[in-house]
Amino acid sequence: VQDIQSRKDAETRLIEMVAALQRAQALKEHYLGRSNDERMRLSALLNIVKFGIMFIDRDRRVTYTNQAAADMWGLDKREEVTGMRDIAVLDLSTDKRVDDAAYREHLTEVLSRNRRSEPYDILFRDGHVIREQSTPVPSADGRQTIGRVWVFEDVTEALQTQRRLTELAECDPLTGLLNRRRFHDELERQIADAMRRGTRLAL
């Protein structure tokens, strides 16, 4: 006769532990599936918007780029830049910008300050104008940043329309000369400039 109660108790505890692990694994797979579904929904949303969007992590590596951003920067495949440092992505589009040095200086200034940047217009050699803005992405606890999100908007058509409306408001449509309102505005500006400089003005 042998008392096996302790062994039975140990087997029962082991069975309960295995069952608990199986439940935890099933729950983990469930939440992972939901997380992947949510990620796919977010990716589909970001790919359908007209704004270019790029996420950079705290090591300044690209973690996500939507199709609009890839098209604006002339990237063949957006997946290829994932994992690349931001400076390497810049190098891929250096010849597309009119003033690459000024843009790099702007980026250095933005990255030196941990806050939302002001809108900045990038002039491309093909005539397109891309307006860029970025903001830090805070961590879940809000104590630090996990990177930065960059948003790009093609404002070429809007700027052309704005210039055309300005021309219509300030110029005579027949001759192309400045109209009376613009003439008076320019005259006032010239007079004020002459008074400030202490010079004479003739009309």
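**Close-up 1. Arg60 sits in the loop between strand 1 (52-57) and strand 2 (62-65).** Strands here are DSSP runs of E with at least two residues, helices are runs of H or I with at least four, and both are numbered from the N terminus. This is a predicted model, where local features need pLDDT of at least 70 and side-chain atom pairs count only at pLDDT 80 or more, while totals for chains, interfaces and linings use all residues. Residues are numbered from 1 along each chain as its sequence is written, and side-chain values use heavy atoms, with hydrogens and water left out. Arg60 has a phi near 65 degrees, a positive value in a residue other than glycine. Most residues other than glycine have a negative phi. Arg60 counts as partly exposed because its relative accessibility is 34% (buried is under 20% relative accessible area, exposed over 50%, partly exposed in between; 1.4 Å probe, protein chains only).

Close-up 2. With 2% relative accessibility, Ser134 counts as buried. Its side chain makes a polar contact with the side chain of Arg148 at 2.7 Å (a pair of N or O atoms within 3.5 Å; within protein, one must be able to donate a hydrogen and the other to accept it, and residues adjacent in sequence count only if both atoms are side-chain atoms). Neighbours within four places in sequence aside, Ser134 is in contact (heavy atoms within 4.5 Å) with residues including Val110, Arg116 and Trp150.

**Close-up 3. Met195 belongs to helix 6 (residues 180-197).** So what is its exposure class? Met195 counts as exposed, because its relative accessibility is 67%.
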